[in-house]
2 protein chains.
Amino acid sequence: MEKAEKRGRPKTLEREHVLQTALMQYWGVSPTDVSIGEICKLTGASKPGIYREFGSDDGLKCAALESYRSLALLPLFDILKRDQSFAAAKAALVAFTTQDREALGVPSGCLFVAMRTQRGNLGSATGERVDLLREEVLDAYMVWIETAKSRGECSAQIPNDAAALYFDAQNGGAMRMQKEGVDNATIATVLRYAFKMIE
Amino acid sequence: MEKAEKRGRPKTLEREHVLQTALMQYWGVSPTDVSIGEICKLTGASKPGIYREFGSDDGLKCAALESYRSLALLPLFDILKRDQSFAAAKAALVAFTTQDREALGVPSGCLFVAMRTQRGNLGSATGERVDLLREEVLDAYMVWIETAKSRGECSAQIPNDAAALYFDAQNGGAMRMQKEGVDNATIATVLRYAFKMIE
DNA sequence: TATCTTACGTACCCATAGTTACGAAATAAA
DNA sequence: TTTATTTCGTAACTATGGGTACGTAAGATA
């Protein structure tokens, strides 16, 4: 598994460490308020080192977003795609969204939501990735609702695309509340009421 | 009405013009992505002139927020306090939120919502004003719901504080959708479904 | 040992943004 | 006309942040 010894000076930059640090900072602080210099201080990496590894600020953010997708978005997709009742999925969504972040050692709020509101301040690579992810999320919601309707578990008249926007908006609202310091129990209450609507 | 002639060089800085320009920029672009220098270019005012008039970046933002309150938040409070049925008020909220901004010559989205998400990047004066306004908004929703319940127009079991957060979240979501380019008709659909929940 | 290759990191460049020092200009009062 | 007063705006200062030039270190190969 070890890569054969290559020529030249061996690389010492810890890619994963830098990436995880960047992710946590972007997530916990804000994707547009954490400088490369800050990441350097926190990881001990040098600026040129980070640029060699990620190409640019945009590249680092993009890589962090990709990590975030694996970490926080895939579980969401999993809930929506899992073979379970509409009601069970909604409950799982509430539970997932209002997890105790502190206990999990993970920041509150949602990096993806933050990047969407900061869309205009992101580099092209990250920005376009955000757009794609948005599509992916809305699509996942839509397929989920479609399935629920076809199974007769959801008889709401709302069009599927509007319903997808609706669920996405609820999630966004929950993340914003979390950032504003509303406690998770209250957020869960709000979400349950919001999700009760469509059934 | 004209102020008596005062000593010293007469003031030439057009306060209202600067304030309105700043408001529209903060609103249309983002409160944290418009520099004083930009406002200067747009209004012809000089930097020291603006500092003399508003004290600081924080002061200008705070003044702009105050203007925004009069322009966009008071009408909201008016809807909530007006003597009308719960259903009528909800309809009015939807209509107000999804007005054709272009036709009104006003940016899409909501400066107050934007400032809330940017809370950490605001100066102390603006930041604290934002906090106060948030209280004011949540309070207005709460009184409104309380009244509706006491009138028997709303029988939802949701606690009043959670309901206030709920409506606030819906509004925030709508503003975000508007910024992301979702058309007002779709937003109205989503909002109507969201508001249908509590009745 | 000499050379080629690759990565390292200090120190810098440049642009932007908030802020202000300060001399000039304009007006009323003396 | 001189003086006191008030505002004006150019040109700076300082800090920050994205990005990089370049000489050096560390290993493989010859």
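A: The copies meet through the same surface, because 100% of the interface residues of chain A are also interface residues in chain B (contact means heavy atoms within 4.5 Å). This is a predicted model: local features need pLDDT of at least 70, side-chain atom pairs count only at pLDDT 80 or more, and totals for chains, interfaces and linings use all residues. Residues are numbered from 1 along each chain as its sequence is written, chains are lettered from A and ligands numbered from 1 in the order in which they are written, and side-chain values use heavy atoms, leaving out hydrogens and water.

A rotation of 180 degrees, with 0.0 Å of shift along its axis, superposes chain A on chain B with an RMSD of 0.1 Å. That is the relation of a two-fold axis. The superposition is by least squares on the C-alpha atoms of residues with pLDDT of at least 70 in both copies. Met197(A) comes closest to the axis of the residues of chain A, its C-alpha at 2.6 Å.

Now the link between chains. Arg116(A) and Glu180(B) form a salt bridge, 2.8 Å from N to O (a side-chain nitrogen of Lys or Arg within 4 Å of a carboxyl oxygen of Asp or Glu). Arg116(A) lies in helix H7 of chain A and Glu180(B) in helix H9 of chain B, so the pair joins two chains. Helices are DSSP runs (H or I, at least four residues), numbered from the N terminus. Arg116(A) is buried at 6% relative accessibility. Glu180(B) is partly exposed at 24%. Buried means under 20% relative accessible area, exposed over 50%, partly exposed in between (1.4 Å probe, protein chains only).
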